[in-house]
Amino acid sequence: MNRGTRVSTDLRPLAQEIREIASGYGLDFFDVIFEQVDYAQMNEIASYGGFPSRYPHWSFGMEYDQLSKGYAYGLQKIYELVINNDPSYAYLMECNTLVDQKLVMAHVYAHVDFFKHNAWFKHTNRKMMDAMANHGTRVRKYAEKHGVDEVEEFLDACKSLDNLIDYYSPYVRRRERSKVSLSDEEKQPDRSVGKLRAKNYMDRYINPEDFLEEQREAKRRKSVAARKFPAEPERDILLFLLENAPLERWQQDVLSIARDEAYYFAPQGQTKIMNEGWATFWHSRMMTRDLLEASEVVDYADHHSGTVFTQPGGLNPYKLGLELFRDIEERWNRGQFGPEWEECEDYVERRRWDKQLGLGLQKVFDVRKLYNDVTFIDTFLTEDFCRERKLFHYSYNKQTDMYHIDSREFRKIKQRLLFQLTNFGQPIIAVQNGNFRNRGELYLKHQHEGVDLKLDQAEDTLRNLFKIWQRPVHLETVIFERRKVLSYDGKEHTRRELKSNST
Amino acid sequence: MVRRIEEDKSRFDRIVRGKIKRELRKYITHGEMIGRRGKDFVSIPLPQIEIPRFRYGRNKEGGVGQGEGNVGDPIGAAPGEDGAGQAGDAPGRHIMEVDVPLTELAKLLGEELELPKIKPRGKKNVAATRERYVGIRQSGPESLRHFKRSFREALKREMTAGTYDPDNPIVVPLQPDRRYRSWREVRLPENNAVIIYVMDVSGSMGDEQKEIVRIESFWIDTWLRSQYKHIESRYIIHDAVAYEVDQKTFYSTRESGGTKISSAYKLCNEIIDRHYPVTDWNIYPFHFSDGDNWGGGDTKECIRILREELLEKVNQFAYGQVESPYGSGQFIKDLDKEFKNQEELVTSQIKDREAIYDSIKDFLGKGR
């Protein structure tokens with residue numbers, strides 16, 4: 001971490017102060033190491049997803065190019081970047097004003113508290129800084145040995161598939177890993193297979209060797225056919241490929257690196273609204289109650305309003321999360337929950353409802369521990385909230401080529417939000433058959449939820465999948481309400497319509 | 001120190017260059033790049049490069065937003081990218097602007113069109129000498145002392161002498177350890193060139209024809225600039241009379257009236273004689289016209305000037321005939337007939353924008 005970065009000493013007392021305040025509120029976090037970096041370093045670190053020592057890949061260069069331009073044109077500025085790690089690293093922009101730094105540090109402590117306690121982060125590697133550096137070294141080593149282009153091309157394929165993981169798998173054991181492979185069984189065929197009953201001295205006449213061989217063969221064929229492969233549809237496609245694709249050692253390693261990193265980053269996508277909401281909730285509380293000097297109020301208000309600014313028609317996760325947390329706190333303080341509350345229809349009564357329970361703070365801490373964005377929205381996005389915060393549903397209008405507000409109906413809004421978050425915004429795809437047509441072809445099935453896949457990208461992705469599987473690959477999906485199979489056999493793409501429901 | 005990201009960035013740049021190169025023909029025929037030209041860069045719009053993934057094609061889908069407004073109110077063409085993570089992200093930016101240095105663009109053009117390197121004419125090379133550091137030697141001025149090498153020598157000596165102590169690693173270079181950078185003089189040819197653009201602005205040359213000339217000149221300019229260190233451009237417009245003008249006027253003037261090409265050739269000849277001695281300069285006139293000359297008499301005069309004056313002096317004389325709504329003139333045929341095997345004269349028919357690509361190849365493909 002000594003690549004030109006420096007820890008500014010003047011922030012240390014401030015960090016200490018904020019740390020104590022945060023602890024006082026009950027936030028509990030890993031140690032946080034703050035580093036001040038300039039904009040170029042910040043853009044570099046951000047391009048690498050927070051890990052300066054990550055493996056090399058052109059896509060990080062592209063990210064950097066765009067961040068640098070965005071910064072140069074004054075369109076965007078990254079104030080802070082915080083890494084889920086123990087100890088946690090937080091990068092602060094050197095040019096932030098002091099009040100910015102206060103805000104950002106308060107924000108960071110809340111993020112780290114979230115990393116440490118939220119259930120969805122429980123299985124993430126807390127020594128990821130080291131792991132990433134290790135990944136980087138390995139990939140560089142492979143690049144040296146096998147050629148930069150070859151490794152990068154393979155990485156392209158891996159990255160193209162890195163959303164094909166089972167987002168729930170750290171929590172659910174879907175299957176036992178079987179250690180026995182087909183070849184092991186072949187080596188020791190069951191001796192007693194298909195033997196006709198015979199007395200010992202007659203055995204070799206009643207069960208001659210060629211007959212036995214025949215029986216064995218038949219049984220083997222039957223058992224192979226009976227064994228579905230995989231037995232259950234496999235959502236962790238990367239794992240399936242790791243175990244079954246004909247890869248060289250280094251390729252396997254690179255693929256496993258891509259998979260590890262995908263699992264590491266997954267919870268951040270799963271809790272974006274909550275995580276940002278939580279951090280914003282706390283920075284705002286700490287700033288306004290404890291940290292602000294009178295002279296800083298305007299600057300703080302300016303910055304904070306930028307954080308929660310919502311474009312007309314957009315949806316800002318910081319703002320939505322913040323408001324939901326505040327709503328929860330207030331409802332639990334006033335006892336606005338439970339069957340009694342749910343059944344109350346009287347508007348005036350509801351407005352006045354206050355049982356003075358004071359459970360708010362405890363509740364928000366529980367929520368940050370147990371929920372992810374889907375369950376968070378599902379549980380706490382209420383009709384009242386929707387109305388008060390002016391949420392709406394919009395749709396596309398062909399005639400005007402614009403988006404229009406088409407409803408403020410609670411059900412519709414909630415449904416849409418939840419739908420967008422289903423599987424955390426990723427299509428649900430599973431390996432259906434790893435020996436399709438009995439020719440070792442790979443058959444994936446997309447569980448269609450009403451939205452089609454992006455077709456051009458889907459075909460390019462199949463191409464990448466082929467690179468790894470090295471036999472024809474298929475994806476069953478729905479296009480314009482017709483069930484189709486997209487295939488790629490290494491030479492050309494085909495689309496075939498499915499008549500029945502069979503695979 | 002080269003930061004790691006710079007390596008990734010340069011790999012990304014290479015991918016972008018490849019994309020541009022594959023679509024160069026498209027960029028050549030579209031004039032839009034010229035408007036985006038900075039001093040040393042051209043800004044090229046490219047579709048976003050993305051790693052393909054199985055993902056939702058959410059275009060034209062609905063979403064959830066927050067704010068004022070009644071049912072039915074439009075909220076804009078594309079709700080902000082800043083939508084909640086995956087939630088609410090409607091179509092966003094799909095075009096990125098890539099800055100490509102002009103030199104790089106010329107290189108791409110050269111590779112794609114397989115343009116030969118221009119061989120400047122013999123005696124016009126103004127040779128310049130420059131020093132290049134090429135090696136190391138044991139003596140030299142202190143200002144060129146090579147620190148690292150000197151210390152390495154010293155370390156070597158101390159180790160062989162056994163005086164080096166790893167626990168107290170003090171290395172003191174002595175006189176014989178000192179190493180200095182050494183240089184060699186290289187003679188670099190430096191060539192001067194002038195491009196003289198000549199355009200017919202008579203009534204029959206419309207806006208589209210001028211646009212074609214503009215696009216083609218841009219690429220010619222880009223290429224020649226990559227081939228010569230020092231280059232000048234002159235601009236001549238003509239109808240029945242010829243004037244020398246600046247670049248802006250050159251592309252914006254619209255005249256009516258007849259066409260006397262000889263007037264322009266005369267002026268071109270004068271400019272060469274006055275400013276660009278043949279011994280020092282590589283000269284490239286490019287003439288664009290729709291080929292409708294005044295009459296046979298003037299064409300004869302043109303041919304005479306070309307044969308007796310211009311072709312003697314220039315590296316190459318290029319004539320591009322742009323097809324106008326009134327059809328294509330006779331001039332190109334006359335030239336072709338008259339100068340059948342003359343290498344200094346190149347003609348090219350430019351039917352429409354699509355033809356620019358091949359026309360550039362006609363003009364620059366000879367490496368003269």
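Predicted model: local features only at pLDDT ≥ 70, side-chain atom pairs only at ≥ 80, totals over all residues.
Local features require pLDDT of at least 70 and side-chain atom pairs count only at pLDDT 80 or more, whereas totals for chains, interfaces and linings use all residues. Residues are numbered from 1 along each chain as its sequence is written, chains are lettered from A in the order in which they are written, and side-chain values use heavy atoms, with hydrogens and water left out.

The size of an interface is often given as the accessible area lost when the parts come together. Between chain A and chain B, about 6300 Å² is buried, 55% of it from carbon and sulfur atoms; buried area is the accessible area (1.4 Å probe) that two parts lose on being put together, summed over both. Trp58(A), Tyr394(A) and Tyr403(A) lose the most area on the chain A side, together 12% of what that side buries. The contact (heavy atoms within 4.5 Å) involves 83 residues from chain A and 58 residues from chain B.

Six salt bridges are found across the interface, a salt bridge being a side-chain nitrogen of Lys or Arg within 4 Å of a carboxyl oxygen of Asp or Glu. One of them links Asp65(A) to Lys9(B), with the closest N and O atoms 3.5 Å apart. Helix α3 (residues 58-72) of chain A contributes nine residues, the most to the side of chain A that touches chain B; helices (H or I, at least four residues) and strands (E, at least two) are DSSP runs, numbered from the N terminus.

The two chains are also joined by strand pairing, which requires at least two DSSP bridges between the strands. Strand β4 (residues 391-397) of chain A runs antiparallel to strand β2 (residues 63-66) of chain B, with four bridges between them. Within this pairing, His393(A) has Val64(B) as its bridge partner.

Chain A also contains an open sheet of five strands with mixed pairing, in the order β6-β7-β8-β9-β10. Because β6 (428-436) and β10 (493-497) of chain A each have a single partner strand, one side of each is left without a neighbour in the sheet. Neighbouring strands are turned by 25° against each other on average, direction ignored; axes are lines fitted to C-alpha atoms, for helices over the stretch in contact, and angles run from 0 to 180 degrees between N-to-C directions. Six bridges pair β6(A) with strand β7 (residues 441-447) of chain A in the antiparallel sense, and Ile429(A) has His446(A) as its bridge partner in β7(A). Helix α10 (residues 237-244) of chain A packs on the sheet, touching β6 and β7 of chain A, and its direction makes about 25° with that of β6(A).
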